[in-house]
Protein chains: 2
Amino acid sequence: MVIIRTIKRLRQVLSGYNRKGRTIGFVPTMGALHYGHLSLIKACRRENKIVVVSIFVNPTQFGPGEDLKKYPRTLKQDAALCKKEGVDIIFYPDAKEMFPSGYETFVTVEGLSRELCGLFRPGHFRGVATVVAKLFNIVQPDIAYFGQKDAQQAAIVRRMVRDLNMPVKIKVMPTVREIDGLAMSSRNAYLNPLERKDALVLSRSLALAKRLVHDGVKDIAEITGKIREMILRVPKVKIDYIAVVDQEHLMPLKKISGKSLIALAVWIGKTRLIDNIIIK
Amino acid sequence: MVIIRTIKRLRQVLSGYNRKGRTIGFVPTMGALHYGHLSLIKACRRENKIVVVSIFVNPTQFGPGEDLKKYPRTLKQDAALCKKEGVDIIFYPDAKEMFPSGYETFVTVEGLSRELCGLFRPGHFRGVATVVAKLFNIVQPDIAYFGQKDAQQAAIVRRMVRDLNMPVKIKVMPTVREIDGLAMSSRNAYLNPLERKDALVLSRSLALAKRLVHDGVKDIAEITGKIREMILRVPKVKIDYIAVVDQEHLMPLKKISGKSLIALAVWIGKTRLIDNIIIK
């Protein structure tokens, strides 16, 4: 395994591979790797000849006042995990390598970026789409892997790839959860022990919603009402949104029917967490 | 030579080529080919194994009230010219193939798109950058060719390629002119004989500017003043802009020094024409 810090060097190394019949798999991350990332890396390793993982805390997807500075950076541990999983290349550029002075090109997936988290984090998905477009152009993977936990990100990347005709296949892997149900996230590291307990309300309220649907409840307002009620029982909690939407277009549904995405964003103290489930 | 109308079919045909050591050259056009386009195609033919020309009148780069509908469409003639020049593939998609229902992803080169023509054609360069990004992803060329007549477009495409790390080399070829000096443009077809004569004022005023610089004039206001004076002698003319900028960033210069771009956009009757020269 090699750790590469510049675009030029990465291109040199990748062009040294004989790509004839061999695929490049790619897992873009912001580091602070957890089992969610590892599930992507494992799938990538199984399905490709060459495995590239990028670790880049992308400044363009953080808004003013967000957690860019305190976002966990754990390269040494990340590298050890990647090595163990058989990663071939870690691409670990700094911000100037990716966004040099004078940078001014952005990719926007317009409608999808305004929904859900987009309402609360303006510019976030523009930053995501832009850095993913850049990374795809740099790595030129055959397949790229994303996690379902970031459902909106996955929908936006899929849409971008389709709209811009990018020659890459997107695979979205299921959310990996702690044993008690909390969706794995690098931001879970911000939680103190009490908050860590409170954070269980996200997955529990989604489980409740699933039971309600299973029991025949189809009315969206009733479902979101019950979720809200459960969440608001936790002190010092703030709900950004609870939404029931279609998975591809993220448009609000009037009734549960077919495949629905129930997604929520909730502040536990000073930590903003997201989670979602797909109801079939 | 084949004419291909769908992205899927183009990909099939291109993947049939053995790319090992062979390059794909690409000339994106809106058709209505003239000698300016042919100079790009000739360079492309000289320098590449496979030559792809796209012909697509891109609706996203036309504003409301602009000439999308009346833009000349001359496929039969274009195809004959391409065949004569040894083009391998004409990619000729329709608008739905490129921008299907639900399309919503756009590429914006922010600063550069606001200058010069961008002030008068809001959204134009977003449409250009987006369609060029799409075409690059579809064709995956090694080298793509653009004309210097569209200086701002060339600067924006270069910037986009650099910013988004697109794996393509951009070549910008000199403006080709009619024997009397008028820059070749598909829009010249809109001019009636009298307007055709009046349109010479664009190249003539640029030639005047060149002489002034050659004679030692360095003051921008003096140069643009003389250009304006000459243009305004023509009846029914409207000036969108006369600008002296640096070629890469399109930022206004205070003095002629090093490489300067003198660019202008002028309405001759109902036809908007652009032209420019580089002063070294």
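Let me start with B:M160, which sits in helix α8 of chain B, spanning residues 151-163; helices here are DSSP runs of H or I with at least four residues, strands are runs of E with at least two, and both are numbered from the N terminus. Before I go on, please keep in mind that this is a predicted model, in which local features need pLDDT of at least 70 and side-chain atom pairs count only at pLDDT 80 or more, while totals for chains, interfaces and linings use all residues. Residues are numbered from 1 along each chain as its sequence is written, and chains are lettered from A and ligands numbered from 1 in the order in which they are written.

Is B:M160 buried or exposed? B:M160 counts as buried because 26 other C-beta atoms lie within 10 Å, the rule being that 20 or more other C-beta atoms within 10 Å make a residue buried, 12 or fewer make it exposed, and anything in between makes it partly exposed, with C-beta atoms placed from the backbone. Leaving aside residues up to four places away in sequence, B:M160 touches A:T105, B:V107, B:V109, B:A129 and B:A133, where contact means that the C-beta atoms, placed from the backbone, lie within 7 Å. B:C44, by contrast, is 116 residues away along the chain, and its C-alpha atom is separated from that of B:M160 by 21 Å.

Now to chain A and its helix pair. Two packed helices are described by the angle between their axes and the distance between the axes. In chain A, helix α7 (residues 124-139) and helix α8 (residues 151-163) have axes that come within 10 Å and cross at roughly 50 degrees; the axes are lines fitted to C-alpha atoms, for helices over the stretch in contact, and angles run from 0 to 180 degrees between N-to-C directions. That angle is why α7(A) is called oblique to α8(A), since angles under 35 degrees count as roughly parallel, over 145 as roughly antiparallel, 65 to 115 as roughly perpendicular, and the rest as oblique. On the α7(A) side the contact is made by A:F125, A:V128, A:A129, A:V132 and A:A133, and on the α8(A) side by A:Q153, A:I156, A:V157 and A:M160.

A:E85 lies in the loop between α3 (75-84) and β4 (89-91), and A:E85 counts as partly exposed because it has 19 C-beta neighbours inside 10 Å. Not counting residues up to four places away in sequence, A:E85 touches A:L38, A:I41, A:K42 and A:R45, and its C-alpha atom is 9.9 Å from that of A:S39, although the two are 46 residues apart along the chain.

A:A32, in the loop between β2 (24-29) and α2 (35-47), is not a glycine and yet has a positive phi, near 50 degrees; with 20 C-beta neighbours inside 10 Å, A:A32 counts as buried. A:L116, likewise not a glycine, has a positive phi of about 45 degrees, is found in the loop between α5 (110-114) and α6 (117-120), and is buried, with 25 other C-beta atoms within 10 Å.

To finish, chain A as a whole. Its secondary structure comes to 11 helices and 10 strands. Buried residues make up 41% of its 280 residues, and of the contacts with a separation of 6 or more, 69% are between residues 24 or more positions apart.
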